[in-house]
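Thanks for sending this one over. Here are my notes, point by point, to read with the model open beside you.

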Amino acid sequence: MTIIDRIDGDIVSSSAEKAALAWAELGVRILAVWGVENGVCDCGNPNCENVGKHPIGPAFPHGHKDATTNRAEIRRVFKKYPDANLAVVPPEGLVVLDVDGPTGAKTYRSLGLPETAHLKTGRGAHYYFRYEGSLPDRVPRLDGIDIKTGNGYLVTSPSDHTSGKRYRWNRSGPRRIATLPKDFFAAPESAPRTVNFSESTLRVGQGGRNSVLTSFAGFLRYRGLAESALERVLQALNGEVCTPPLSDGEVAKIAESVGRYEVGSEDAFLSLADIEEEDVQYLAYPYLVRGAANLLDGHMGQGKSTFTAALAAAVTTGKPPPFLTEIEQGNVLFLSAEDDAARALKPRLVANGADVSRIRFQNQPFTLDDKGMFLLRQEVEVHRPALVVIDPVIAYMDSDIDGNSANDTMRFIVKLDYLAREFDTCILLVRHFRKAKTDTPMHRGVGSIALAARVRSALMLGTHPEDGDLRLVAHAKANYSMQGPSIVFELASTGERKPSKVVWHDLRPDLSEYDIVDKPEGQRGRPSAERDFAKDFLHRSLQDGPMEKHKLVHMAEARGITPPTLRRAANELGVIKFRGESGRSMWRRPDAGDPPTKKDS
């Protein structure tokens, strides 16, 4: 039997730390869960499905299994997370009825239970009861009521609720914890309801069963259905429309997950005036964005893995490469489907100067399905890498995902993007180029273009157009900044049968992604025929004097010369750029007289 008879003392304190220490003094294990601010979970995920109710991972990596009564540990965690909510694990002999909304309140009244100490939650109440004897293996299912025992945990006072309310003990009610009647667990469940699906034509096969049941559950939960009722409805749907049906455990997991959603639509839409602006943060400005998915595309065998190793080395040591002013120092996580850790990954990182004590890697093969995402999330939550490299990303897509489907790919990348946002990490997805040419460089990567569309920054790596011994990395997409100048490096030998290392060269702002993908393989590293044509065009067009830039661009495009090619040709010719009297940008040949007094910026 629990030694807790009354709710009093510091248990009712408005300080989460004091309340936690009071519970611990009574032998009740506690854990800190993420707090709530303006209806948003402090965990950092703006789309968190369990706002203010899930354990703080760094402090309790195994959830309620790590709950503690250690006073020093409790003080330490609440000092580090002063806005955390408080949760308790009911000890042996204590049962809590979690009553949710009007449905739960109606069910609770019908039970005729004795008055007992209880607290008010955002949408209902928690009623605390003592219970003598052993709990049954199976507890009754009651509409709108979850029965909480030591198998789980529940948030308690003085925590904040996503509704804006607080968990508060009912001070006007009884402080004593009543005893639950011995026949309570023998009470009949809420009356079952049968559903006739004989007229239904909906059938769902493998690959869509989970999402369809989750969709139904979300709608029903939005309409106010409690978790216990959700599971019964989903089990009925599962048996009739899923071929083959999911296991009972998988269906129960869906019901439990969706049952945590708040009922109603209070938070579905918000006023932008209530949103606090945030500056975009970078791991390596402007190329790699923190809190987002980034992309590195490139030809096979051109050094993508060595380039990512050099980036990882810079992150682990905090020493920026010459093209950056600074780089955030931190841990790195590699998900590498193509490289053996002992024979390829570690030697390559060591060759490029990485601090391998800061690097973790995927030891067992798995794809990023629901289980894989869970494993990745746990790893990121515990070790907090500044950079996560997934190479190649196509290898980590579950077999149920069509990599050429925009919808499938978008859902997959959105999950990764939310993970990056939640833990403020930079996720770098590595992808190979396809062989077929495309209209634009961003469409050249293997799989759906939705991947390139969803990432916030994209790099492209290939052979340098003027020197086949060098590599060019162009900043092809930048959602939050101006595109950075193209990076140049070479793959230098570190010895026979040893991995290469990166040697950085000067930046080339005049080169772009078009210099990587436009040329046929046989012409890479040779002078550009297109640029020679553009230089000849400029020489002839400017021989009679300066011209406005926009007219030159228009004339060049009519001849099939792209603006980047025209710009690079102008730079090689030494074309003088200046502002004319009209204020417009003008170009003239370098041998056409004295330079103007006002240079073009």
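1. Val 99 has Ile 145 as its bridge partner in strand 8. Strand 5 and strand 8 (residues 145-148) run antiparallel to each other, paired over 4 bridges; two strands count as paired if DSSP finds at least two bridges between them. Helices (H or I, at least four residues) and strands (E, at least two) are DSSP runs, numbered from the N terminus.

2. A word on the ground rules. This is a predicted model, in which local features need pLDDT of at least 70 and side-chain atom pairs count only at pLDDT 80 or more, while totals for chains, interfaces and linings use all residues. Residues are numbered from 1 along each chain as its sequence is written, and side-chain values use heavy atoms, with hydrogens and water left out.

3. Strand 5 also pairs with strand 7 (residues 124-130), again in the antiparallel sense, over 7 bridges. Here Leu 94 has Arg 130 in strand 7 as its bridge partner. How enclosed is strand 5? Of the 7 residues of strand 5 (residues 94-100), 6 are buried, so the strand is largely enclosed by the rest of the structure. Buried means under 20% relative accessible area, exposed means over 50%, and partly exposed is in between (1.4 Å probe, protein chains only).

4. Next, please look at Leu 538, which sits in helix 13 (residues 529-541). Leu 538 counts as buried because its relative accessibility is 1%. Leaving aside neighbours within four places in sequence, its contacts (heavy atoms within 4.5 Å) are Leu 552, Leu 566, Ala 569, Ala 570, Leu 573 and Trp 587. Leu 552 is 14 residues from Leu 538 in sequence, and the two C-alpha atoms are 8.1 Å apart.

5. Just after helix 15 comes Gly 574, with a positive phi of about 80 degrees.

6. On to charge pairs. How many salt bridges are there? The count is 23, where a salt bridge is a side-chain nitrogen of Lys or Arg within 4 Å of a carboxyl oxygen of Asp or Glu. One of them joins Glu 25 and Arg 71, with the closest N and O atoms 3.1 Å apart. This pair links distant parts of the chain, with Glu 25 in helix 1 (residues 16-25) and Arg 71 in helix 2 (residues 71-80), 46 residues apart. Glu 25 is exposed at 57% relative accessibility, whereas Arg 71 is partly exposed at 33%.

7. Arg 377 and Glu 422 also meet through their side chains in a salt bridge, at 1.9 Å from N to O. Because Arg 377 lies in helix 9 (residues 370-383) and Glu 422 in helix 10 (residues 406-423), the pair ties together parts that are 45 residues apart in sequence. Arg 377 is partly exposed, with a relative accessible area of 24%, while Glu 422 is buried at 8%.

8. Arg 540 is partly exposed, with a relative accessible area of 41%, and Asp 536 is partly exposed at 38%.
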